[in-house]
Amino acid sequence: MPELPEVETVKMGLKRLLPGLVVTNVKHDWPKSFPNTKAEVGEFLIGATIIDVRRRAKVLMIDLSSKYSLVIHLKMTGQLVFRGKNSFGAGHPTDSLIGKLPDKSTRVSITFKNSERLYFNDQRKFGWMRLMPTIEISNIDFMRKVGPEPLEPDFSANDFIKRLHKRKNSKIKAVLLDQTIVAGVGNIYADESLFAAKIHPFSQVSAIPQSRLKILHQELRAVLFLSIKKGGSTDRNYVDALGRRGSYIDFALVFRKENQPCPTCGHEIIKIRVAGRGSHICTHCQKLYKRSRN
DNA sequence: CACTTGACCTGTCCGC
DNA sequence: TGCGGACAGGTCAAGT
């Protein structure tokens, strides 16, 4: 499930591969995955040159010379995989987890002038890609409401705490997952950062001491930075722009570690449900800050 | 208004 | 071996 580090990894890969390429053909089968009309594609995508690749929260943007952009959300099982003569510049073809493309999960294929290709695969069809004017991206509802980038140098602990308190009556995990509070955090990094900060995910925001939230701010950033360094987490589906897995999951302390000993204290890690999500915790290390009832 | 739950999907896994 | 159902979780819409 692509979260900030995974989307950032894909972005860095595509930014190295795509700029300068000219689109010659586009194939798409599933309208929800790519809702644009043939006319729009013909006018603003075919023949356009790729200028830049950007990320905001978990959203990718591929900017085109037509002043349009491809805006992409990978949601749970989306993949963007590039195939071409430069695809293996940073690794070896056998590093790829993906076989022959297109495959049955391919929703969109974009062909470039030199016959290189970019594939948008999405098993569960939750993800989407759409072509729209670049200047209108900031008007998308999601973009208007999304919170700050947690890895920006000016994202301070005070900002973080202030924003968390917008939902002071909610469980801390639900708030971390709320994209309008902080951008880019999903289930993996919520669990890992809460464990590192020794906070039980069920804790009510207003009951957690400021000093603890300050540590959470620090740990969240540390976890996200480390994951980018490791190329993200390949839990089941995620791959980078060259189809390779990320290795952060090998460094995870609690995520998907139920029934295993806590690396800190040895108590068994358990899996519970918080805010409708599977959550991995050590009840011995992670303190539950309860509501104070007034 | 604040907050929680369900829908969108398909592949995988578990129990019978 | 086959089959039904639970489960995975990002985001938006609908519900409490």
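1. Thr234 first: its side chain comes within 2.6 Å of the backbone nitrogen of Gly246 and reaches the backbone oxygen of Tyr238 at 2.9 Å. Polar contacts here are pairs of N or O atoms within 3.5 Å; within protein, one must be able to donate a hydrogen and the other to accept it, and residues adjacent in sequence count only if both atoms are side-chain atoms. Thr234 sits in the loop between H7 and E9. Helices (H or I, at least four residues) and strands (E, at least two) are DSSP runs, numbered from the N terminus.

2. A word on the source: this is a predicted model, where local features need pLDDT of at least 70 and side-chain atom pairs count only at pLDDT 80 or more, while totals for chains, interfaces and linings use all residues. Residues are numbered from 1 along each chain as its sequence is written, chains are lettered from A and ligands numbered from 1 in the order in which they are written, and side-chain values use heavy atoms, with hydrogens and water left out.

3. Is Thr234 buried or exposed? At 3% relative accessibility, Thr234 counts as buried (buried is under 20% relative accessible area, exposed over 50%, partly exposed in between, with a 1.4 Å probe and protein chains only). Leaving out residues up to four places away in sequence, Thr234 touches Leu97, Arg245, Gly246 and Ile249 (contact means heavy atoms within 4.5 Å).

4. On to H7, the helix on the other end of that loop. H7 covers residues 210–229, 20 residues in all, and runs 29 Å from its first C-alpha to its last, close to the 28 Å expected at 1.5 Å a residue (the expected span is 1.5 Å times one less than the number of residues). Following H7 comes Gly231, with a positive phi near 75 degrees.

5. Which residues of H7 are buried? They are Leu213, Leu216, His217, Leu220, Arg221, Val223, Leu224, Ser227 and Ile228. Looking down the axis of H7, these buried residues fall within an arc of 160 degrees, so they line one face of the helix (the arc is that of the directions from the helix axis to the C-beta atoms). On the other side of H7, Gln218 and Lys229 are exposed. The packing partners of the buried residues are helix H1 (4–17), helix H4 (157–164), helix H5 (172–177) and helix H6 (187–196).

6. Now the DNA, with strand C to begin. There are 19 residues around DNA strand C, and the closest are His73, Met76, Arg124, Phe126 and Lys271 (near means that one heavy atom of the residue lies within 4 Å). By type, the residues of this surface divide into five nonpolar, five polar and nine charged (Ala, Val, Leu, Ile, Met, Phe, Trp, Tyr, Cys and Pro count as nonpolar, Asp, Glu, Lys and Arg as charged, and the others, Gly among them, as polar). Strand E9 (270–274) and strand E10 (277–281) each supply at least two residues of it.

7. Which parts of DNA strand C come within 4 Å of the protein? Sugar or phosphate makes up 57% of those atoms, and the rest belong to bases. For individual pairs, a polar side-chain atom of Lys271 lies 2.3 Å from a phosphate oxygen of DNA strand C. The side chain of Gln179 has an N or O atom 3.3 Å from a phosphate oxygen, and a polar side-chain atom of Arg256 is 3.1 Å from a sugar or linking oxygen.

8. DNA strand B has around it Lys32, Lys104, Gln123, Arg124, Lys125, Phe126, Lys166, Arg167, Asn169, Ser170 and Lys171. Of the atoms of DNA strand B that come within 4 Å of the protein, 69% are sugar and phosphate. The residues of this surface divide into one nonpolar, three polar and seven charged. Arg124 has a side-chain N or O atom 2.7 Å from a base oxygen of DNA strand B. Phosphate oxygens of DNA strand B are approached by a polar side-chain atom of Arg167 at 3.3 Å and by a polar backbone atom of Asn169 at 3.2 Å.

9. Last, another buried loop residue: Glu149, between helix H3 (141–145) and H4, has a relative accessible area of 11%. A polar atom of the Glu149 side chain lies 2.6 Å from the backbone nitrogen of Ala57. Not counting residues up to four places away in sequence, Glu149 touches Leu4, Arg55, Arg56, Ala57, Phe155 and Ala183.
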